[in-house]
There are 2 protein chains.
Amino acid sequence: MGHTLEVRAEARTYPIHIEGGVRHRVGSLVNASVPGHSRVLIAADEHAASHYLEDIAASFAERPDIYIIPSGEESKSQEEYFRLLTAALEAGLDRKSVICALGGGVTGDLAGFAAATFMRGISFVQIPTTLLAHDSSVGGKTGINHAAGKNLIGSFHAPSAVIYDPETFETLPERELRSGFAEVIKHAWISGDSWFSWLDQFVPSLTKFPKSKMEELLSASIQVKARIVEEDEREKGKRAFLNFGHTLGHALESAAGYGRFTHGEAVAVGMLFAAELSRNILKADLPIHELKQMLTRLGYTTEIDKHLRIDDLIRRMRIDKKAADGTLRFVLLHELGRPELCTVPEEEVRKLLEKEGLT
Amino acid sequence: MGHTLEVRAEARTYPIHIEGGVRHRVGSLVNASVPGHSRVLIAADEHAASHYLEDIAASFAERPDIYIIPSGEESKSQEEYFRLLTAALEAGLDRKSVICALGGGVTGDLAGFAAATFMRGISFVQIPTTLLAHDSSVGGKTGINHAAGKNLIGSFHAPSAVIYDPETFETLPERELRSGFAEVIKHAWISGDSWFSWLDQFVPSLTKFPKSKMEELLSASIQVKARIVEEDEREKGKRAFLNFGHTLGHALESAAGYGRFTHGEAVAVGMLFAAELSRNILKADLPIHELKQMLTRLGYTTEIDKHLRIDDLIRRMRIDKKAADGTLRFVLLHELGRPELCTVPEEEVRKLLEKEGLT
């Protein structure tokens, strides 16, 4: 069965294969998407590697080289980036080689940036193993973190293929599923209300979600992202809509220290915040109550940590990559499916943070 | 007077302004090429900065931020790259900012790579101050070195403008002029014989070259490069012709230790070597004698350092970025203006190196 989508990027059109068990066919799919390639290096998250690396390596006619990446956001560092490049050189990769990323968003971002900058860019294949990576593996953003903020160093480098096996979710902790599911809800909110209703109906809890629906869910959520990045790969316009919930979300992640919140937990709070801002500023009539109910049912925190300081959060939001000239910018919604990128006056943000009980 | 050329790159078409004194108009030319930009950071080579930074900074309505790069190839390091990115973040650059590179090839490659990867790519302006940089400032290649070889890490990132003031050559040592002039000769050899004759006629020595001819020389040499990179920006075909003399050249540079030879000195030896290979393999009738005479007259070494080892040079040529699957690849000439990228059997290379007296 399975679903195959196509994404038209500037540099190439690439397929997204979504299918339970597709990990056993990675070798032939890489050959189909990168004909005539030379050596293959699999850059694998250590946890994903322990479960799935053998299946994938065995699917290649010639055994690929392997580089293991320690799990966690700390691996999106300059040191790990250069270690990976050095490993690629030591493995004898050349300009016709392929780097495959096996793991979640950290692995994809890091290995993608290495592929983007190895000998000025070589082929790159995403093999996501988390729900969250359904978002990051599509659209060609790659990068690493800087002490001053997340993803401040990176480039656009479209993959040659995305090979997505939802059977790999079976080894994910619930917290990881929750992190990824926030992006599914985001895609539903920015694309329209029917999809949000579908989620409400079919996702009573993250652990009871019927497996048979997972390919459908991934395909629908990825389509939202794919259609947007096709229209605006380099984020000059509507790609910014994908940042719904992310202005405050990123600030929460960095203020609390990476790892305290998962990305999705921070984005969930950020979406509620952006929804309230939309009501206050655009007078939008949004199903905020239903969103909060769904988030609560699925085990998200819906309140901002009272230890955080308003001035610190605002400072962090000002240096967000999406900011321009230090203004505060949020994706707000006029209604489900009708987002707009807005410059928001600081007093509106401050007022809402104070209402949350912050000082 | 001055010359303005245009280069059509994938991402944009950009102007190359060549004119004595144009450094006093950098501010308005940057505004014209990057309308609506926010902060400007000038990344300047320390020597170039000591002579020209004030002229350039004064040409902007608002004083730009400055970052000084230590002179020398050692600055194309991962450490210096991250220092520059940190400086850009500390200066408050955002996605609409511009990085200007003031200096030679090292500065342009390093600052260009920083611009390519700062927040996934911001605008970049080249302000070359060496003759050698007439080559590297056009075509969008950026990058840094790795212990395993030069330029192994980098990306393609076309500049928004190249602003070239040949008055800045007045503070260049003769050895620097010599390094750059090798690329002028290379452009002449791969483009046809009339241009090589022009050089023979007008360049009796590097110090006596008439200033009035410099804009013409730069414009002609840059045109050769520009037309090639327009046809093949990402080096899938004829851009490789620009590597005439570089297969052995790069190996000499790295084997002798960077700094022992200038880039152009190594390329000069590499061109003679490739010319001899062309004669041996393609039976080409080339003006090798005239080339050697010109190189000698202009003060180049034309022999390979006897201390170097054949096996070491061959190993280095095999890991050149242009190599594929460890073969030895050279740009050979059928005649002046008719280059071809050839896979050369190791015994041919070895034979010629032995003839040079190496073991």
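**Close-up views of a predicted two-chain model**

View 1. B:Leu5 stands opposite B:Ile16, which belongs to strand 2 of chain B. Strand 1 (residues 3-8) and strand 2 (residues 13-18) of chain B run antiparallel and are joined by six bridges, where pairing requires that DSSP find at least two bridges between the strands. Four residues lie between these strands in the hairpin; strands (E, at least two residues) and helices (H or I, at least four) are DSSP runs numbered from the N terminus. The model is predicted, with pLDDT of at least 70 needed for local features and 80 or more for side-chain atom pairs, while totals for chains, interfaces and linings use all residues. Residues are numbered from 1 along each chain as its sequence is written, chains are lettered from A and ligands numbered from 1 in the order written, and side-chain values use heavy atoms, without hydrogens and water.

**View 2. Helix 10 against helix 13 in chain A.** Helix 10 (residues 263-282) and helix 13 (residues 346-355) of chain A pack at about 120°, their axes 11 Å apart, with axes fitted to C-alpha atoms over the stretch in contact and angles running from 0 to 180 degrees between N-to-C directions. Among the residues that meet are A:Phe273 and A:Leu277 of helix 10 and A:Val349 and A:Leu352 of helix 13, contact being heavy atoms within 4.5 Å.
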